[in-house]
Amino acid sequence: FSRQGYEDPPWQYPAAGYGDGCPYQSHQWQPVAWQGDRDLRQRESYGKSYQDQHYYRGYHPNLATGPPGQDRTQTYSSYEESYISTARREGTGEGTLSSDLGEAGGQPQEPSLLLQYHESGLSSSSHELSQYIRDGADHYSPVLPGSWSVGQTGGPSMSTPTPAVPLKFPQLHTALCFGAGGHLVLACPQGPAEGQPPRVELHSLEAILHGTEELEELQAFPGPLAREDLHKVDVMTFCQQKITTGCDLSTQRGRDSSLLWKLLVLLCQQNGSMVGSDAAELLMQDCRRQDKYKRQDPAANLMGLTDDEWASRQPGTLDLITGEVPPVVETQAQIVEKFTKLLYYGRKKEALVWAMRNQLWGHALFLSSKMDPRTYSWVLTGFTSTLATNDPLQTLFQLMSGRIPQAALCCGDATWGDWRPHLAVMLSNKVGDMELNQRAIVTMGDTLASKGAVEAAHFCYLMADIPFGYFGAKADRMALLGSSHRQVFSQFARTDAIQRMEIFEYCQQLRQPESFLLPFQVYKLLYASRLADHGLPAQALQYCEHISAALLRQDPAAHPVLARQLVRLAERLKLSDPLLLEMPEQDQALEPDWLEQLRACCREWEVR
């Protein structure tokens, strides 16, 4: 609008209104009185300096924070509208723009804008922001009260142009997100306002990740294994491939991992049933070599003889009982004959010592068994002392004696030897005390786990029927088959560990179709999310369906977090169900029946 005859008056900030109680008066952005000779270029540079986003956040408390869900742009606009309404009232004569003009008129005036903002609780920076908004206008003209009004001109009132909001990003870029259907969604940096057509691209994650190790590992697994069209031969073939490609048989850990896969193959062959001798045969087949256990002579003190007495009974010395000099080399017949002669003279103890020294343990054990129990125990101890410490016979005899075998406490190191023959002999020769058998096997598993042999320890736990626990319960012995839950979760919940655990659950279902491992369902949900992340939504939805079936057999309220997360993932993947796509349009359901049932259970639990 034309303003002939008027000059722009300089903006005067009242010193009292600005300095009293203002927390920003010492800040570097503190405004000073503008001089009348400042040109428009200076005002524009002053206004543009307020575009610093740090000023809005750090030095303007009314713009830095707001109610939840309200962003800074909305707050910015609210202050702009407040200023515009005030300016319009001033333009129509309802208020004053400057306190100096009010004093010159000699009439009581309303407080200046600065005082209005200060009294309303806003800082003086709010008033500065309003000046920035007005200065940013290309056609700015200050309006003097009483000099012009809409009624005088009859024209429409002029609204202050909305300034450009500071850009959120400094330059154009591509925005992307992951879609639920296994797609990567790209929003290209086009400008529709400039005449460029907007373009959104959909890319298949399966095609993008083609050839990666993670995707090939997921595609090679024939899951979910609970589906009806799966044959157990496919599962056995997968296990054989894992043994061939994923196990380094030159290392102890590789042999232990191979043993677990072979156990799963055996369970598949026998429909989830197995006895101790089957596992023992598997253990002995997997032994790389048969250890040679050296035998030794019984210690002299075990037979109650001193070293001199033991030396006097060596071949080549005079026998005071028979009066003969025994030959240096004696045949088996001569040894037995002398054993008999000692019994002729009633020398039972000497006969036992002779039999023990010449390895006639059958004669010695039978004779001592007909004597007192102490003598029998003495002969038995002498017999076991001739065995090597790491001999599996030692393990068997100690177990039969009602003790935890020493092998269960010392296995797992190089000096002791292979642990498998010891477990095999315990599995094939179970004594009457079943609790002792289980305790011995569990102790062996704990010893192996303490030395880092996780796969070997889990094999022992499976033989002892130890149940699976949870990742957070560190006292549980195992949570995923072949993976230690005492390490970080990313290393614990590996894809191959989840696949191996699912095969074990499948073997249990071959024996009992309705059985499932409840602690394992959360890892199946994690596996389903990985399938969706790699562009396999249909397979992921099948996993969701099987997890839902397991939860619906139980009470979903017992695992509310798992049920809610399952519903959330299934809602995103439900349109990947081929059954929904093949249904006629008039009969199409929005979601599968199992999802509706699970959601209803969750709502019922929330109501309770």
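This note goes through some local features and helix contacts of the structure above.

1. The model is predicted, so local features need pLDDT of at least 70 and side-chain atom pairs count only at pLDDT 80 or more, while totals for chains, interfaces and linings use all residues. Residues are numbered from 1 along each chain as its sequence is written, and side-chain values use heavy atoms, with hydrogens and water left out.

2. Helix α12 (232-246) and helix α13 (252-269) have axes that come within 9 Å and cross at roughly 165°. Helices here are DSSP runs of H or I with at least four residues, numbered from the N terminus. Axes are lines fitted to C-alpha atoms, for helices over the stretch in contact, and angles run from 0 to 180 degrees between N-to-C directions. The crossing angle makes α12 roughly antiparallel to α13, a term for angles over 145 degrees.

3. On the side of α12, the contact (heavy atoms within 4.5 Å) is made by K232, V235, M236, F238, C239, Q240, K242 and I243. On the side of α13, S258, W261, K262, L264, V265, C268 and Q269 take part. The residues of this contact divide into nine nonpolar, three polar and three charged. Ala, Val, Leu, Ile, Met, Phe, Trp, Tyr, Cys and Pro count as nonpolar, Asp, Glu, Lys and Arg as charged, and the others, Gly among them, as polar.

4. Helix α27 (residues 521-533) has 13 residues and spans 19 Å from its first C-alpha to its last, close to the expected 18 Å. That expected span is 1.5 Å times one less than the number of residues. Its buried residues (under 20% relative accessible area, with a 1.4 Å probe and protein chains only) are Q521, Y523, K524, L525, Y527, A528, L531 and A532. Their cover includes α10 (205-208), α11, α25 (489-492), α26 (495-511), α28 (537-553) and α29 (560-573). Just after α27, G535 has a positive phi of about 85°.

5. N271 is in the loop between α13 and α14 (276-286), and Q359 in the loop between α17 (348-357) and α18 (361-369).

6. G223 and P224 are joined by a cis peptide bond, with omega about -5°. P224 is in the loop between α11 (213-220) and α12.

7. E330 is in the loop between α15 (307-312) and α16 (332-344). Leaving aside neighbours within four places in sequence, E330 contacts I335, W354 and N358. The C-alpha atoms of E330 and N358 are separated by 9.7 Å, with the two residues 28 apart along the chain.

Technical notes: Helix = DSSP H or I, 4+ residues; strand = E, 2+ residues; numbered from the N terminus. Buried < 20%, exposed > 50% of the residue type's maximum accessible area, 1.4 Å probe, protein only. Parallel < 35°, antiparallel > 145°, perpendicular 65-115°, else oblique.
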